[in-house]
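Please keep the sequence and the structure in view while reading.

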Amino acid sequence: MGGVSLGKTIAKALPVGGLLAFVLAAFTPSAALITALACAVIGDILVSRSDRRVFALGMAAFGLAHAALIAVFVEEGLSLEAMRWVAAAGILVGAAGMAAILVRPAGGLGRAVLAYICVIAVMAVVAMAIDTGAADRDRLILIAVALFLASDALLGLLTFRIAEGSPLHVPFDLIIWPAYYGAMALFALSTGG
């Protein structure tokens with residue numbers, strides 16, 4: 001976790017902050033969606049800082065964003081009949097794998113990383129039961145979940161497993177940020193109105 005400039009922090013928070021402003025202006029979003037987007041903006045700001053305690057607070061903000069997304073999914077509609085059981089099982093296996101490879105290298109942040117992995121896994125498993133009554137909306141929400149999981153898995157690897165200066169930083173960044181912002185946009189646009 002190297003030092004980060006204020007400009008870089010603003011650049012990371014601006015897309016989701018702009019998305020939040022757009023959703024508030026264009027739709028009548030639920031309180032849960034507003035909370036999810038606002039917590040994500042706060043998380044973007046905090047995880048971009050180099051202080052480990054501030055980074056942990058950023059992870060907590062994202063954990064709250066995931067809890068708010070669970071509330072959004074409940075509002076949109078869930079059904080055990082619609083549950084995608086194989087995908088849900090895959091998410092749990094993936095979460096266990098990520099915990100196995102990230103918790104120890106995270107050092108003092110290990111517990112926070114484990115808690116975050118659990119929260120995002122619960123959010124993703126709950127999403128596997130989405131049943132809004134509109135198949136296209138359901139697909140957009142599921143794509144958003146997949147993008148968020150991919151983004152966070154790569155970010156976890158980049159933050160805790162891949163050495164600073166590794167040639168993997170550039171291609172990972174080229175995947176992480178578009179996947180994250182795409183996920184947030186899909187969540188907002190598929191559930192915001």
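## Aromatic rings

Phe-62, Phe-73, Phe-148, Trp-177, Tyr-180, Tyr-181 and Phe-187 are joined into a cluster by ring pairs. The model is a predicted one. With ring centres within 6.5 Å taken as the cut-off for a pair, the count comes to nine aromatic pairs. In one of these pairs, the ring centres of Phe-22 and Phe-27 are 5.8 Å apart and the planes stand at 85°, so this pair is edge-to-face. Phe-22 has a relative accessibility of 42% and counts as partly exposed. Phe-27, at 27% relative accessibility, also counts as partly exposed.

Tyr-180 and Tyr-181 form a pair with ring centres 5.0 Å apart and planes at 50°, so the pair is tilted. Is Tyr-180 buried or exposed? Its relative accessible area is 3%, and Tyr-180 is therefore buried.

## Surroundings of Tyr-181

Tyr-181 lies in helix 7, which covers residues 169-191. Which residues does Tyr-181 contact, leaving aside its neighbours within four places in sequence? They are Ala-11, Lys-12, Pro-15 and Val-16. Between Tyr-181 and Leu-19 there are 9.2 Å in space, C-alpha to C-alpha, although the two are 162 residues apart in sequence. Leu-19 belongs to the helix 1 side of the contact between helix 1 and helix 2, as do Lys-12 and Val-16.

## Helix packing

Two packed helices are described by the angle between their axes and the distance between the axes. The table lists these values for three helix pairs.

| Helix pair | Axes come within | Crossing angle |
|---|---|---|
| Helix 1 and helix 2 | 8 Å | roughly 165° |
| Helix 5 and helix 6 | 10 Å | roughly 165° |
| Helix 6 and helix 7 | 8 Å | roughly 150° |

Helix 1 spans residues 6-26 and helix 2 spans residues 31-47, and their axes cross at roughly 165°. Because angles over 145 degrees count as roughly antiparallel, helix 1 is roughly antiparallel to helix 2. Their crossing is left-handed. From helix 1, the contact is made by Thr-9, Lys-12, Ala-13, Val-16, Gly-17, Leu-19, Leu-20, Val-23 and Leu-24. From helix 2, Leu-33, Ile-34, Leu-37, Ala-38, Ala-40, Val-41, Asp-44 and Ile-45 take part. Sorted by class, the residues of this contact are 13 nonpolar, two polar and two charged.

Helix 5 (residues 110-127) and helix 6 (residues 135-160) have axes that cross at roughly 165°. That makes helix 5 roughly antiparallel to helix 6. The crossing of helix 5 and helix 6 is left-handed. Helix 5 contributes Val-113, Tyr-116, Ile-120, Met-123, Ala-124 and Ala-127 to the contact, while helix 6 contributes Leu-142, Val-145, Phe-148, Leu-149, Asp-152 and Phe-160. By class, the contact of helix 5 with helix 6 has 11 nonpolar residues, no polar ones and one charged residue. Phe-148 of this contact is also one of the residues in the aromatic cluster.

Helix 6 also packs with helix 7, and the axes of this pair cross at roughly 150°. Helix 6 and helix 7 are therefore roughly antiparallel to each other, and their crossing is left-handed. The contact of helix 6 with helix 7 has 21 nonpolar, five polar and two charged residues.

Methods: Residues are numbered from 1 along each chain as its sequence is written. This is a predicted model: local features need pLDDT of at least 70, side-chain atom pairs count only at pLDDT 80 or more; totals for chains, interfaces and linings use all residues. Side-chain values use heavy atoms; hydrogens and water are left out. Axes are lines fitted to C-alpha atoms, for helices over the stretch in contact, and angles run from 0 to 180 degrees between N-to-C directions. Helices (H or I, at least four residues) and strands (E, at least two) are DSSP runs, numbered from the N terminus. Angles under 35 degrees count as roughly parallel, over 145 as roughly antiparallel, 65 to 115 as roughly perpendicular and the rest as oblique. A crossing is left-handed if the near helix is turned anticlockwise from the far one by less than a right angle, and right-handed if clockwise. Contact means heavy atoms within 4.5 Å. Ala, Val, Leu, Ile, Met, Phe, Trp, Tyr, Cys and Pro count as nonpolar, Asp, Glu, Lys and Arg as charged, and the others, Gly among them, as polar. Rings of Phe, Tyr and Trp (its six-membered ring) pair if their centres lie within 6.5 Å; planes under 30 degrees apart count as stacked, over 60 as edge-to-face and the rest as tilted. Buried means under 20% relative accessible area, exposed over 50%, partly exposed in between (1.4 Å probe, protein chains only).
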